[in-house]
Amino acid sequence: MLLRALPLAAALVLAPWQAHAQAVALSGILGTKALLVVNGGAPRGVGPGESHQGVKVVSVGRDEAVVELAGARRTLILGEAPVSVGSRGAGTGKRVVLTSDSRGHFVNSGTINGRPMQYLVDTGASTVAIGQPEADRMGLAYRSGQPVVLGTANGTAQGWRIKLDSVRIGDVEVLGVDAVVTPQAMPFVLLGNSFLNEFQMSRINDQMVLEKRQ
């Protein structure tokens with residue numbers, strides 16, 4: 001079996017978690033199993049379809065694993081900070097720390113209107129942008145929104161301007177966020193400035209810190 005693991009000292013530095021949530025980190029990949037660290041415990045090898053302390057592994061990739069708890073899914077990346085999984089209460093946090101991937105992008109999981117999404121932080125985008133297939137999956141009523149003409153690589157296309165009830169990453173939640181739905185599919189939801197402007201942003205090496213404004 002091929003074992004790819006990080007130093008446990010790094011894997012066990014867990015962020016605070018809310019009640020009813022689990023702080024989960026991926027400390028390594030052992031064959032087809034994910035080595036999960038849940039709430040600071042010892043690493044446990046868990047294969048697809050198996051569970052550990054209520055965290056179910058959905059799939060295991062080369063350097064990532066998709067897990068599920070209480071209906072919420074998150075993608076854990078080898079080497080990234082732990083994420084809070086399964087919290088369903090109001091997002092009352094004020095600070096979130098994001099770690100960039102090997103390409104320098106800030107990609108992780110969150111929720112829109114309580115539905116799971118994969119996001120990419122885009123400081124150059126004026127608003128949150130969601131591809132139409134993803135908007136359909138999340139049940140967004142975008143067709144009743146304001147039509148808008150969007151510039152694309154192939155010219156212009158009609159999109160829709162909407163307001164999201166809630167955008168949440170970690171335990172930080174922003175309400176009433178402006179967004180656009182684009183007709184083409186996108187691999188991620190782009191978190192643009194309609195969300196990011198609610199925060200003071202700072203970056204140190206591969207980490208971005210978002211502090212919610214008062």
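## Cores, strands and salt bridges

The largest nonpolar core has 30 residues, and those with the most contacts inside it are Ile112, Val128, Ile130, Leu140, Leu164 and Phe195. This is a predicted model, in which local features need pLDDT of at least 70 and side-chain atom pairs count only at pLDDT 80 or more, while totals for chains, interfaces and linings use all residues. Residues are numbered from 1 along each chain as its sequence is written, and side-chain values use heavy atoms, leaving out hydrogens and water.

A word on terms before we look around. A nonpolar core here is a set of buried Ala, Val, Leu, Ile, Met, Phe, Trp, Tyr and Cys residues joined through side-chain atoms within 4.5 Å. Buried means under 20% relative accessible area, exposed means over 50%, and partly exposed lies in between (1.4 Å probe, protein chains only). Helices (H or I, at least four residues) and strands (E, at least two) are DSSP runs numbered from the N terminus.

At least two residues of the 30-residue core come from each of β10, β12 (115-121), β13 (128-131), β15, β16, β17 (189-191), α3 (193-196) and β19. If you click on Leu140, you will find that it touches Ile112, Asn113, Ile130, Ala135, Ile162 and Leu164, leaving aside residues up to four places away in sequence; contact means heavy atoms within 4.5 Å. There is also a second, separate core of 13 residues, with Val24, Val55, Leu76 and Leu78 among them.

### Strand pairing

Two strands count as paired if DSSP finds at least two bridges between them. Strand β6 (residues 55-60) and strand β7 (residues 64-69) run antiparallel and are joined by four bridges. A hairpin of three residues connects β6 to β7, and Val60 has Ala65 in β7 as its bridge partner.

Six bridges join β18 to the antiparallel strand β19 (residues 207-212), and Ile204 faces Gln207 in β19.

### Salt bridges

Side chains of opposite charge can pair when their charged atoms come close. Searching the whole structure gives five salt bridges, each defined as a side-chain nitrogen of Lys or Arg within 4 Å of a carboxyl oxygen of Asp or Glu. The table lists some of them.

| Salt bridge | N to O distance |
|---|---|
| Arg62 and Asp63 | 2.8 Å |
| Asp101 and Arg103 | 3.3 Å |
| Asp178 and Lys163 | 2.7 Å |

The pair of Asp178 and Lys163 links distant parts of the chain: Asp178 sits in strand β16 (residues 172-182) and Lys163 in strand β15 (residues 155-169), 15 residues apart. Asp178 is partly exposed at 36% relative accessibility, whereas Lys163 is exposed at 51%. In the pair of Arg62 and Asp63, Arg62 is exposed at 58% and Asp63 is partly exposed at 27%. Arg103, the partner of Asp101, is exposed, with a relative accessible area of 58%.
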